[in-house]
Amino acid sequence: MLGEIHIICVDPAFGGRGLGPGLVEAGLVHLHAKGAGEGMLFVEGSNDAALGLYQRLGFRIVRSDRAFAVTLAAAP
């Protein structure tokens, strides 16, 4: 079974204190206890700090997505 960590956030004022790895590891422990054999998450490709953290924790990139947007004209 695949388990997903949906959101991990640390206030930038508390960055660099080791909170991120602890949160991710706690999430993985929880997923494993619920029967997941694999954990996954999504991260912005421009978030270098998060990418580094997840790679240090053993995550690997398995898919890259793109999001598209367009500015719409105001309704008449």
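What volume does the largest pocket have? The largest pocket has a volume of about 820 Å³. This is a predicted model, in which local features need pLDDT of at least 70, side-chain atom pairs count only at pLDDT 80 or more, and totals for chains, interfaces and linings use all residues. Residues are numbered from 1 along each chain as its sequence is written, and side-chain values use heavy atoms, with hydrogens and water left out.

**Largest pocket**
- A pocket here is an open set of points on a 1 Å grid over the protein atoms alone, where a 1.4 Å probe fits, with protein on both sides within 12 Å along at least five of seven lines.
- Its volume is the space filled by probe spheres set on the points, which are joined across faces, edges and corners.
- The lining (residues with an atom within 4 Å of a point) has 23 residues, and Leu41, Phe42, Val43, Ile61 and Arg63 are the closest to the pocket centre.
- Strand β2 (38-40) and helix α2 (48-56) each supply at least two lining residues; strands are DSSP runs of E, at least two residues, and helices are runs of H or I, at least four, numbered from the N terminus.
- By class, this lining has 12 nonpolar, five polar and six charged residues, where Ala, Val, Leu, Ile, Met, Phe, Trp, Tyr, Cys and Pro count as nonpolar, Asp, Glu, Lys and Arg as charged, and the others, Gly among them, as polar.

**Second largest pocket**
- The second largest pocket holds about 470 Å³ of space.
- Of its 24 lining residues, Ile8, Asn47, Ala50, Leu53 and Tyr54 are the closest to its centre.
- α1 (19-33) and α2 each supply at least two residues of this lining, and α2 gives the most, with five.
- The lining divides into 15 nonpolar, six polar and three charged residues.

**Nonpolar core**
- The largest nonpolar core has nine residues: Ile5, Val24, Leu31, Ala36, Leu41, Ala50, Leu53, Tyr54 and Phe59.
- Such a core is a set of buried (under 20% relative accessible area) Ala, Val, Leu, Ile, Met, Phe, Trp, Tyr and Cys residues joined through side-chain atoms within 4.5 Å.
- α2 supplies the largest share of this core, three residues.
- Not counting residues up to four places away in sequence, Phe59 touches Val24, Leu28, Gly39, Met40, Leu41 and Tyr54; contact means heavy atoms within 4.5 Å.

**Leu2**
- Leu2 is found in strand β1 (residues 2-4).
- Leu2 counts as exposed because its relative accessibility is 51%, and exposed means over 50% with a 1.4 Å probe and protein chains only.
- Leu2 touches Ala36, Glu38, Gly39 and Met40, again leaving out residues up to four places away in sequence.
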